[in-house]
Amino acid sequence: MDIRLGNGFDVHRFEPGDTVTLCGIGIPFDRGLQGHSDADVGMHALTDAIYGALAQGDIGQHFPPSDPQWKGAASDIFLRHAVELAQSMGLVPSNVDVTLICEAPKIGPHATAMRNRLAGIMGMDVARVSVKATTSERLGFTGRGEGIAAIATATLVSA
């Protein structure tokens, strides 16, 4: 059996707005996240984790921010591409884990919806999808409320 592990990391700064999109779920908030696409930091980290497990670069190589067609794009496009690439290589996600790093918004009330959304996009059992959050104890840019970071791990196995 072929087992592969990848990790991903992403960061987006806050900008004026009224919603942040995290792991495919829009959360009402007093700011938005700045990015070329929808700035879904959780989904971007997860997408990079899958590309990493495949040794196929990163999200920027597959969807260059310099390409205007990706301006404002929904990040599920990127995640679906990574999963389809894995399948074309004879692999499927076995489990994934996403950690969102921020002081706010609160993630707990939305974690189940996020898990369900990611599981649906990837065609996985929700029991194999983890979404959780932590703060940085008011240290660094996330602690000062300047943005959100995410780290993700993906395990891929032979299909």
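Thr155 lies in strand 7, a run that spans residues 147–158, where helices (H or I, at least four residues) and strands (E, at least two) are DSSP runs numbered from the N terminus. The residue is buried, with a relative accessible area of 16%; here buried means under 20% relative accessible area, exposed over 50%, and partly exposed in between, with a 1.4 Å probe and protein chains only. Apart from residues up to four places away in sequence, Thr155 touches Ile3, Arg4, Leu5, Val92, Pro93, Ser94 and Asn95, contact being taken as heavy atoms within 4.5 Å. The structure is a predicted model, in which local features need pLDDT of at least 70 and side-chain atom pairs count only at pLDDT 80 or more, while totals for chains, interfaces and linings use all residues. Residues are numbered from 1 along each chain as its sequence is written, and side-chain values use heavy atoms, with hydrogens and water left out.

Ser94, one of the residues touched by Thr155, is found in strand 5 and is likewise buried, with a relative accessible area of 16%. Its contacts, leaving aside neighbours within four places in sequence, are Met124, Arg128, Thr155, Leu156 and Val157. Met124, placed in the loop between helix 4 and strand 6, counts as buried at 12% relative accessibility, and beyond four places in sequence it is in contact with Pro93, Ser94, Asn95, Val96, Ala119 and Val129. By C-alpha positions, Met124 and Pro65 are 28 Å apart in space and 59 residues apart in sequence.

The largest nonpolar core holds 47 residues, of which Leu22, Leu100, Leu118 and Met122 touch the most other members; such a core is a set of buried Ala, Val, Leu, Ile, Met, Phe, Trp, Tyr and Cys residues joined through side-chain atoms within 4.5 Å. At least two residues of this core are supplied by each of strand 2, strand 3, helix 1 (41–54), helix 3 (76–88), strand 5 (91–101), helix 4 (111–122), strand 6 (129–134) and strand 7. Helix 1 gives the most, with 9 residues. Leu100 has contacts, outside four places in sequence, that include Leu22, Val41, Ile107, Met114, Val131 and Ala149.

Strand 2 (residues 19–22) pairs with strand 3 in the antiparallel sense over 4 bridges, two strands being counted as paired if DSSP finds at least two bridges between them. Thr21 has Gly26 of strand 3 as its bridge partner. The two strands form a hairpin with 2 residues between them, and Cys23 in the turn has a positive phi of about 55 degrees. In strand 3 (residues 25–28), Ile25 and Ile27 make up the covered face, whereas Gly26 and Pro28 make up the uncovered one.

A cis peptide bond, with omega about 5 degrees, joins Ala104 and Pro105, and Pro105 is found in the loop between strand 5 and helix 4. Ala55, which is not a glycine, has a positive phi of about 55 degrees; this residue lies in the loop between helix 1 and helix 2 (59–62) and counts as exposed at 64% relative accessibility. Arg138, also not a glycine, has a positive phi of about 65 degrees and lies in the loop between strand 6 and helix 5 (140–143), where it counts as exposed at 65% relative accessibility.

A search of the whole structure finds 6 salt bridges, each defined as a side-chain nitrogen of Lys or Arg within 4 Å of a carboxyl oxygen of Asp or Glu. One of them joins the side chains of Asp97 and Lys132 at 2.5 Å, N to O. This pair links distant parts of the chain, with Asp97 in strand 5 and Lys132 in strand 6, 35 residues apart. Asp97 counts as partly exposed at 25% relative accessibility, and Lys132 is partly exposed at 35%.
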